[in-house]
Amino acid sequence: MAGAAAAVKPQITFGKFQNVDLRVARVLSAPIAENTRFPCRVIELDLGPLGKRVSVGQYALIGEDELVGANVVACVNLGEREMGPYVSQALVLGAPHPESPEGQAQAIPIVVAGDAVPGDAIY
């Protein structure tokens, strides 16, 4: 679906949007996950004063060396989700990777400036 225009979702109120907790998160490690349905990475995130969290996502087409040290945008209040043998505690936001295989949702992470502070709110 990379490059394909998705339908616009229904309009929501600003109040509903304010319930989404987006934060700056620094990637500490991102090894390839074992035994997941699709190729994924287990991304350890530093959220500053919010502590560390794990995100499991389809970022397998991005090298770990490219991810580690990057400041990404993460949603931290979606609750936990089981991904194979892992528990994902946050969602790293991304855009479709142009080389994603059919039927997968491989992504490119949304990054913010390197001097952004882990844990800061995204608004």
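1. A salt bridge is taken here as a side-chain nitrogen of Lys or Arg within 4 Å of a carboxyl oxygen of Asp or Glu. The structure, a predicted model, holds one such bridge. It joins the side chains of D21 and R23, with an N to O distance of 2.6 Å. D21 is partly exposed, at a relative accessible area of 22%; buried means under 20%, exposed over 50%, and partly exposed in between (1.4 Å probe, protein chains only).

2. On the basis of the values: residues are numbered from 1 along each chain as its sequence is written, and side-chain values use heavy atoms, with hydrogens and water left out. Because the model is predicted, local features need pLDDT of at least 70 and side-chain atom pairs count only at pLDDT 80 or more, while totals for chains, interfaces and linings use all residues.

3. In soluble globular proteins, nonpolar side chains tend to be buried together.

4. A25 touches L45, D46, L47, A70, N71, V72 and A74, not counting residues up to four places away in sequence (contact: heavy atoms within 4.5 Å).

5. β2 pairs in the antiparallel sense with β1 over three bridges and with β3 (residues 52-57) over six bridges; pairing requires at least two DSSP bridges between the strands. D46 of β2 is the bridge partner of R26 and stands opposite K52 in β3. The hairpin of β2 and β3 has five residues between the strands, and G48 there takes a positive phi near 60 degrees.

6. N35, in the loop between β1 and β2, also has a phi near 60 degrees, a positive value in a residue other than glycine. N35 is exposed, with a relative accessible area of 67%.

7. I12, F14, F17 and V20 form a nonpolar surface patch with about 400 Å² of accessible area together. Patch members have over 30% relative accessible area and no salt bridge, with nonpolar side chains (Val, Leu, Ile, Met, Phe, Trp, Tyr) joined within 5 Å and like charges within 9 Å; areas come from the Shrake-Rupley method with a 1.4 Å probe. F17 lies in helix α1 (residues 14-18) and is partly exposed, at 41% relative accessible area.

Technical notes: Helices (H or I, at least four residues) and strands (E, at least two) are DSSP runs, numbered from the N terminus.
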